[in-house]
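I opened the notebook to record what I looked up in this model, entry by entry. The cut-offs are noted beside the terms.

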Amino acid sequence: MAMPPTNAEFLGVFLPIQPSLRAYLHAAVGSRAAVEELQQDVAVALWEKFSTYDQERPFLPWALGMARIQVLRWRQTQFRDRRLLSAETAELLAESAAEPANELTHRLDFIAGCLGQVGERITGLLRRHHVLGESARTIAEADDTTTTAVENALMRARKALRHCVERRSQTVAP
Amino acid sequence: MSDTHPSMELLIQRHLADELDAREYEIFDAALRSDPDLRRRLLEEAALSMHLGSLLAQETVPQGARRSRSGRSPSRFRPSVLINAAALAAAILLAFLLWPRSSATDLAADPAADLSESRTIIRSASAGTQIHRLGASLPASPGLALEVDDAVVAATDGGAALEFADGSLVRLQAASSLAVLGDDGGTRLDLRLGVVDCDIAAQAPGTTFSIRTRFALATVLGTQFQLSALDDSTTLEVGSGRVALSSADGSQRLVAGAGERLLADAAGVHRLGANGLAGIAGRLPPDAPLVAWWPLDDRVGNVARDLVSDHLGRIRNPVWDADGLLAFDGRDTSIVIEPTGQLATLEQRAYSILCSFQAESYRAPGLVTPTDSLNYQFLVGRQGFAMGLMFTHEGVFLAKHFLSNDVPITASSNGQALLGRWYQLAMVVDPELRTCSIYVDGALHATQPWPPGLSTRDYGTSPWCIGLQHAGGGGMHWPAHGRIRDVMLVATALGADDIAAVHATPAQ
């Protein structure tokens with residue numbers, strides 16, 4: 001008789017793919033607050049169904065399938081005026097997330113080093129946006145500038161980070 | 001890691017910050033559906049965004065951090081604690097134990113509880129229809145009274161009927177979801193998804209019967225009608241009486257009478273034609289075989305949506321003006337559409353090409369040989385074959401069709417078109433009559449016949465193009481300079497009355 005899976009077995013496959021799961025949830029629902037709600041639901045669903053997972057197959061596509069279902073359920077709970085990507089797009093994103101080469105996901109470890117190069121002002125801006133959840137408009141109003149200027153600064157900062165990550169990953173590539 | 005077009009980068013950023021407006025969501029969603037690379041870029045940015053949040057949150061959070069625009073605590077955006085293995089196991093166990101499972105059955109045990117004040121009852125319901133109340137579900141059964149904020153979710157293979165205190169009836173079709181918002185000062189319902197058929201009693205003075213959806217508010221003026229709420233639009237079809245449909249923000253309002261249909265979407269409220277299409281395409285005869293319609297009012301991005309059959313156009317060097325229209329720069333802005341489906345052989349039979357054009361110059365700045373009198377501005381046609389609608393440096397519109405012996409049949413407009421003025425153009429080719437005609441603003445300007453015995457030239461797999469004859473085509477470059485919109489391809493030779501009806505209203 002098959003033994004029930006242990007926490008260690010589950011975590012052994014779950015933790016490595018967690019960044020991809022979070023990326024998918026963020027891409028599918030947009031709101032970071034919703035990601036916080038959803039990722040716990042997904043983790044629970046994966047744990048509940050883990051005994052049905054065929055360990056001969058890759059874990060990520062299976063987990064994304066479960067995450068996709070959670071996203072669809074979450075959509076149904078949202079108010080009618082909540083703007084959402086379509087269910088079809090959420091499904092297509094799950095398919096894309098299951099593709100083996102998601103370059104940036106594999107290079108996230110380089111970001112910490114790159115953050116040290118962008119300067120305090122930009123780091124502060126990124127922190128306000130990505131940690132405190134301040135919108136570009138809120139930042140613009142507080143700093144007496146325009147929303148477009150803030151959006152452009154955020155885009156430039158992330159572009160610089162992406163290129164830095166790319167350079168560093170190429171430098172250490174075998 | 002490649003960079004995406006700046007406008008799409010902005011939409012990605014706004015989406016991940018939950019800041020897209022309704023129109024941007026529509027555009028972004030369509031682009032994501034059609035572009036796998038954009039989906040990969042979004043996933044990359046989402047991974048970066050989440051990881052940045054984790055990294056930066058580990059540093060000191062400034063004192064007195066402001067609340068987010070939604071009023072939620074900043075801590076809501078802190079990264080997950082599930083990274084830690086032990087915490088993960090504990091969280092899973094805790095969440096599992098606290099998982100809500102039984103509240104639905106608790107409510108269902110006493111379906112008549114506290115219903116004495118209700119004015120709305122379930123008249124009939126198929127098995128599987130549910131009432132969602134306070135986060136729980138209970139089976140819908142005839143006679144059950146509804147409370148404010150209840151939502152009725154019809155079974156996927158059945159339906160339900162609601163009866164209101166004034167005798168009005170609302171029937172939910174299968175899988176539809178309808179919530180009761182309130183019954184003070186009239187009846188207010190929220191059609192979240194699906195279709196309802198309504199038979200509404202005349203309302204007492206000072207009261208209204210209204211149904212809102214994601215995109216619209218339908219206010220009943222005593223009538224029979226059907227309201228359909230989909231993910232991207234809401235459609236109203238009136239059987240008798242009149243219904244007013246307002247946009248969700250209240251800025252637009254149209255009234256439909258018996259037999260009329262209205263559509264509300266992220267762009268506003270539109271009257272639908274007999275063919276079920278809004279806008280200029282809705283003025284076509286209902287049986288006209290419209291093959292493609294590119295409004296070219298997409299506002300952002302490098303994809304031109306076809307609202308009829310999904311022939312997406314790839315836009316090169318897009319410049320969107322303040323009105324959301326595509327501005328052709330007279331150098332290399334263009335749209336290429338692969339000739340799939342009916343587009344592959346459209347010109348082999350009777351066909352019509354329609355569009356609106358506003359010229360900015362008679363000679364586009366990107367002309368390779370500016371003095372060549374054969375340098376035209378190419379509006380719509382097959383790439384590299386100089387067929388379709390064109391604009392000459394003399395301000396004349398041309399409709400050009402090629403025969404099998406490479407002989408062009410050209411119909412020309414009368415007079416010189418003015419710069420900065422919108423013109424509505426139609427080219428109609430009728431092989432049966434052996435004629436090629438050009439219409440301007442709904443009026444026939446010229447018809448050119450051709451001799452019997454000649455068929456249409458075969459254009460092979462050459463794509464359809466808008467705004468440029470041939471990228472890199474040297475003297476055949478022919479860039480358009482101005483704005484082109486509402487390009488429609490129809491697989492029939494439209495008659496003069498049809499053209500007049502479509503172009504009855506001047507282009508805006």
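This is a predicted model: local features need pLDDT of at least 70, side-chain atom pairs count only at pLDDT 80 or more; totals for chains, interfaces and linings use all residues.

Residues are numbered from 1 along each chain as its sequence is written, chains are lettered from A and ligands numbered from 1 in the order in which they are written, and side-chain values use heavy atoms, with hydrogens and water left out.

I looked up B:Phe357 and B:Phe397 and found both buried. I counted rings of Phe, Tyr and Trp (its six-membered ring) as a pair if their centres lie within 6.5 Å, calling planes under 30 degrees apart stacked, over 60 edge-to-face and the rest tilted. The structure holds 12 aromatic pairs over all chains; among them B:Phe357 and B:Phe397 are edge-to-face, with 6.3 Å from centre to centre and 85° between the planes. This pair links distant parts of the chain, 40 residues apart, from strand 23 (residues 351-359) of chain B to strand 26 (residues 397-402) of chain B. Strands (E, at least two residues) and helices (H or I, at least four) are DSSP runs, numbered from the N terminus.

**Charges over rings.** My criterion was NZ of Lys or CZ of Arg within 6 Å of the ring centre and within 35 degrees of the ring normal. The charged end of B:Arg421 sits over the ring of B:Tyr423, 4.3 Å from its centre, and B:Arg457 lies over the face of B:Phe402 at 5.6 Å from the ring centre.

**Strand 26 of chain B.** Why is this strand largely enclosed by the rest of the structure? I found that 6 of its 6 residues are buried, so strand 26 of chain B is largely enclosed. B:Phe397, B:Ala399 and B:His401 point one way, while B:Leu398, B:Lys400 and B:Phe402 point the other way.

**Neighbouring strands.** Two strands pair if DSSP finds at least two bridges between them. Strand 25 (residues 388-391) of chain B pairs with strand 26 of chain B in the antiparallel sense over 4 bridges, and B:Met390 has B:Leu398 as its bridge partner. Strand 26 of chain B also pairs with strand 27 of chain B, in the antiparallel sense over 5 bridges, and there B:Phe402 stands opposite B:Pro408.

Methods. Buried means under 20% relative accessible area, exposed over 50%, partly exposed in between (1.4 Å probe, protein chains only).
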